[in-house]
Structure formats: C-alpha cells, structure tokens
Amino acid sequence: MAVEVKVPTILRTYTGGDKAVPGSGGTLGEVFDDLDSRHPGIKERVVDGGDLRRFVNVYVNDEDVRFTGGLDTSLSDGDTVVILPAVAGG
Amino acid sequence: MRFDSLLDSVGQTPLVGLPRLSPSSDVRLWAKLEDRNPTGSVKDRAALAMIAQAEKDGLLRPGCTILEPTSGNTGISLAMAARLKDYRLVCVLPENTSEERRQLLRMWGAEIVSSPAAGGSNEAVRVAKGMAKEHADWVMLYQYGNPANAEAHYTGTGPEILADLPEVTHVVAGLGTTGTLMGVGRFFRETLPAVRIVAAEPRYGELVYGLRNIDEGFVPELYDPSLIDSRFSVGPRDAVRRVRELLDLEGLFVGISTGAILHAALGQAAKAVKANQRADICFVVCDGGWKYLSTGAYEGTVDDAEERLEGQVWA
C-alpha cells in the first residue's frame, strides 16, 4: 500500500527537511520499517520496542491508531499517516 | 430556575436537537450547550469543582493565591470564582491565544503570565510548574491532574446527558485536559457501557508543536485511554467548516473547538448511516464563538480563516 506520511518539525532532520514523505506497507509497523530503510533512525524516535513512544501520537486518516490496533493498524492505498508530539489543551 | 448565587447556577445545561444537521430520524445529533454556564464555557464545571475540593481539603483560604496553566477557559472560570471568593489568581497563558481571552481574564482581575508561543499549552504547563516551585505557598489546582476536574463530569455532565437522552448511543467531546471525557466516560462505562465515547482533539499549526524533543511531549495525568473508544485529530479547516455549518443550518454560534467536535460527531453519524444502525449522538458545545471573533474564523473564505488560525492555540 502506498501512503503519505506527514512528519513533525522535530523529526525532519531524518527526511532532509521534507514535511511529508511516501511510505509503503500493509500495516503501520511495516510503513515505519519502510521509512527507516530510507531515513535511518526515524523509526526509533517514534517506536520503542513493539509500541509507540508515550509522547508520540500517530493518526491514520485523522484517527488515533492507539484505538485501531496500534502498529498493527492496516492501511489502504492513499491513506495519510500523521505523526505528532502529544500536546496539552485546556 | 432560581439559584442562590451565580456559582450555584453551574451545570444543568440544555440539550438541543439538530434536526437539519442530523442525517435522518434514525441517526440524530444533539448538542449539549455548555456555553450556558456562568462564564460561558464547559470549564466552569471543572474550575468550580476544583476550588470546592481545595476548600474542603483546607488548601484554599481567602487571600490565597491560585496558580493555573490554561489556554483560556479554565482561567476565565477560575477568575470569576476567585473574585467572588477573595482569592488572587495568576494564570499562565500561551502568548498565541486570542485577545478576548486575555481581556476577560483581566476583567475578572486575574494576573497573566505569558508563556512562549512555540510549544502551546505544553509550555504553559512547564512554566507554571516552575513558578509553583518558586512559590510554595501558592495553590496550583492543576486541571490536568486534578481528579475533581473529571469528577465534575462524572457527577454532572454524564448523568445530565443520560437523563435527557436515555437512548444515547455516542458521546463526543473535546480532549484537552481530558477531564470531560474521563468523567463522562467513566459514568457511561459504569451505567451504560454500550455508549461509545469519542474524543476530538484540535490539530494546530506546526509552531504549536514546538521544536522540543519528542520525548518532552505531554499527556495529562488524568488521561485513561480505556475510558474512550476512539480519538480523532481535527485540523482548523474542518473545524471552521463545521462551525459555519452549525450557524447556517441550526443557528448555533459556537467556538472553534466545538467545530472540531462536531466534525468527529458527524463522522460517527456517517458510519451509523452506512451500517444502517440507529444512533443518538450527543456532542459537547464547549463554548460560544464570542471569544474567537478576532481570529477571523467567522468571516471570509474558509481558506483565509484557516490561514489566520495557523500558529494560534484556537481551542
């Protein structure tokens, strides 16, 4: 599956400054593996062991993947993956 | 309805149907009008509950100084209550929040400390925690970790929704401190666990997420993900579009974050229609649009509005 991954400012050192990069994989975990093959080090900043890092949120088509299967979330062609640091409100 | 004082009039807000925005008579949307609270936002519930609890615990006595990191509404609620109860209030507010919020805070006598725009409310929390260490005698109610915040919704908002809409299938609310959803979520998990609890969080411009290390993000201490079923990130474009739809179709004038919440609620409605299921979806109107008029969200094209909200803490 071909998806678009939107990268937060803080992680753009891994993508040569690109705000969005293409990725491929049937699941979110596979997409991060694919990204890491072209942007070494990026996966480790988002994933810790088998889980997302505590202060990182990842959304597929605007839905938080922690409620859709985490790294096992399945993806379709044209999906948008957004990585963001967790922020407060209120 | 009669109350002994303004503070006593918090809660018991109206629930209104949205017949023109609802997809059908089987899939209906309902708005819980929290803008009808004493200072015009859902935060009156949490703010007054936190003060009441601190007084009960003996932490707050007249003359005390309250400190709170806030993007606006909680501070405004605290400022009104502080004035009536003779407390001094110091609010730490990100500098990229609307001018109306600052004016309201000053009007009720709060002192404002600005935190840097980059990092948004995360920075306000960090600055306030630093100030709390320097001023050991000040009382930080700390909405992000204060159980009284969620409790106000567990005992108030949740039961009110169920009483007015016993057939409720979904509750959709904003996720900031997480207090509303933690309280409402726990109430429904215990009383009517089939109700789906859905969170909508604002997605800001890049500036707000800051340049700090990704390991320095912030998750409120109150947050328990087991109390919600799904969570959506909504950008300013969708939020503004929905705010205008609500005005055009139902006449409701709401703040920008409520547009984001409506967007998530309509997503649930579309799913129910597709699955041919009945749904009664209640969403929380956090506040009215008054405090956001200067952001330009209510006039001109959606493109222009989206551009003007870039870099603002609009929820």
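Reply: A word on terms first: two strands pair if DSSP finds at least two bridges between them, and helices (H or I, at least four residues) and strands (E, at least two) are DSSP runs numbered from the N terminus. This is a predicted model, in which local features need pLDDT of at least 70, side-chain atom pairs count only at pLDDT 80 or more, and totals for chains, interfaces and linings use all residues. Residues are numbered from 1 along each chain as its sequence is written, while chains are lettered from A and ligands numbered from 1 in the order in which they are written.

Me: Which residue is the bridge partner of Ile66(B) in S6(B)?
Reply: The partner of Ile66(B) is Val139(B). Strand S3 of chain B, residues 65–69, pairs with S6(B) in the parallel sense over two bridges.

Me: And what is the strand order in the open sheet of chain B?
Reply: The order is S5-S4-S3-S6, four strands with parallel pairing. Strands S5 (111–115) and S6 (139–140) of chain B each have a single partner strand and stand at the edges, so one side of each lacks a neighbour in the sheet. Helix H2 of chain B (residues 73–85) packs on the sheet and touches S3 and strand S4 (88–94); contact requires C-beta atoms, placed from the backbone, within 7 Å. The direction of H2(B) makes about 170 degrees with that of S4(B), where axes are lines fitted to C-alpha atoms, for helices over the stretch in contact, and angles run from 0 to 180 degrees between N-to-C directions.

Me: Turning to chain A, how do S1 and S2 pair?
Reply: Strand S1 (residues 2–6) and S2 of chain A pair in the antiparallel sense over five bridges. In S2(A), Gly23(A) is the bridge partner of Val3(A).

Me: How many residues does each chain bring to the contact?
Reply: Chain B brings 34 residues and chain A 23 residues. On the side of chain B that touches chain A, the elements giving two or more residues are helix H4 (120–134), S8, helix H7 (206–209) and S9. The largest share, five residues, comes from S9(B).

Me: What ipTM does the predictor give the complex?
Reply: The complex has an ipTM of 0.95 and a pTM of 0.95.

Terms used:
Two residues are in contact if their C-beta atoms, placed from the backbone, lie within 7 Å.
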